[in-house]
Amino acid sequence: MRILRAVRSFPLPVRLLLVNQLGVNTGFYLLIPYLAGHLGHDLGLSALAVGTVLGLRNLSQQGLFILGGSAADRLGARPVIIAGCALRSVGFGLFALGDSLGVLLAASALSGLAGALFNPAVRTYVAHEAADRKAEAFALFSMFATTGALAGPLLGTVLLLVDFRAAALTAAGIFAVLTVAQALALPERAVPPPPRGVLADWREVAADRRFLAFSLAMVGLFGMESQLYLLLPDAARRATGWEGAVSLVFLTSTVANLTLQLRITTRLQRDGPATRWIPLGLAVAATGFLLPLAAPGLPGVLGGVLLLQLGLMTAQPFVLALIPAFGRAGLTGTYYGLYYVVSGFAAALGNTAVGRAMDSAATAPWLLCAALGLASAAALARLHRTGRLPVPARPLPSEAR
C-alpha cells in the first residue's frame, strides 16, 4: 500500500513512465540473457560472430547515449521515448525472424540504438515532471525496473520451452505495445528552441569540470554494480557447487530492492542533502565485497549481495536526482547521456579488470572491488566537502504539498 500511495502521488506522466520501465525491463530480460545461446547453439555461429553481435549492441547503446540525450533536449523526451521503443520492437523482431549474420547485426545495432534513445529521454522526462521529488521518483523507477528484471527471465524461461523465436516475438510485442501506449497517453511537452547547435551543447557539458569530476568519481558504483552479474554469481556457484545458487544472488538483490528502496530514499531525503548520502552508499556497497572474505561460503556471499544492494539503494536515486542540477534545464538529457556514456565504459573496464583478477588470486577481485568502491566514496566525499557538487531543491514536507 505504501508503494501504491507513493506511485499515485505523482502526476500521470511519471506513473506512465514507471509502468513503461517495467515493460522495458521485462521485454529486455526475457530475450537478452538467452541471445548468446540462440546464436551459438541454434544458429551455429562461431564464438567470434556471437561476440560481434553482442558487442555491437553494447557499443551502439553505450556509445550513443549522448545522442539520445541531446535528441530529448531538442525534440522533447516524448518522441524520443516513442522512437526508442519502436526501434527496439523492430530490432527484437529481426532477432526472431532473421538468421543471417547481416540481419542479426542490424537487429543488434537497432536494439542498442533504441536503448541509447529512450534511456536518457525517460530519465529526463521523469526529472522534469517529478520537480523537487526526483529522488523519490527515481527510487520507484528502480523498483519497477527491478520487478521487470525479475519477471523477464522467468517469462523467457517459459517461452523458451516453445523456442527462441517465441521469446523474441513476445519481447518485440511488448515494445510495440509500449510504443503505442506512450504515443496515446504520454503528454507532449513544449520544448523551447535551442539557442545553439548540438556540438556547442556537447562542448558546454564536456567543459563542466564539476560534472566530469562527479562522473569519474562515480566509476566505482558502475564497477561494483556490474559484479551482480559476474563476480557474485560466480562466487555463489563456487561456494555451493550448485548452478541454482546464482538465482539466490538475484533473489536477495531483488527482494531487498522491492522491500527497502522506497523506505531508504524517503527517510534519507528528510535527513540531509543528496550529496551527503551518495558517498555513504558507495562505502556501504564497498564493504559488501569484504564480507565474503571474512565469512567464506554462501551466507557470506549473500550477505555481500545485501550490503551491495543497500549501498546502491542509498546512492542511486540521489545520483539521478542530482545530475540535472549540474546544468541548465535545456541540457538535462545531454547531461544524462554523457553520464551513461561514462558509466557504460566504466562497467566494461571494471568487468575486464575483475575478470583478470579472478584468474590471478581468490582474494584479488574482492579486494579490487572494495578498493574501487572506497576510492569512489572518498572522491565523492571530497567533492561534497569542497562544495563542488550542486545542491538540488529539497522536497517539501508531505503536509505542505
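Modeller: L231 is buried, at 3% relative accessibility. Buried means under 20% relative accessible area, exposed over 50%, and partly exposed in between, with a 1.4 Å probe and protein chains only. This is a predicted model: local features need pLDDT of at least 70, side-chain atom pairs count only at pLDDT 80 or more, and totals for chains, interfaces and linings use all residues. Residues are numbered from 1 along each chain as its sequence is written, and side-chain values use heavy atoms, with hydrogens and water left out.

L231 lies in helix α13, residues 231–240. Helices here are DSSP runs (H or I, at least four residues), numbered from the N terminus. Leaving out residues up to four places away in sequence, L231 touches F289, V354, M358, P365, W366 and C369. Contact means heavy atoms within 4.5 Å. G76 is another matter. From L231 to G76 it is 39 Å in space, C-alpha to C-alpha, and 155 residues in sequence.

R5 lies in helix α1. Its relative accessible area is 53%, so R5 counts as exposed.

A131 is partly exposed, at 42% relative accessibility. A131 is found in the loop between α7 (101–130) and α8 (134–159). Its backbone deserves a look: phi of A131 is near 50°, a positive value in a residue other than glycine.

Notes. Helix = DSSP H or I, 4+ residues; strand = E, 2+ residues; numbered from the N terminus.
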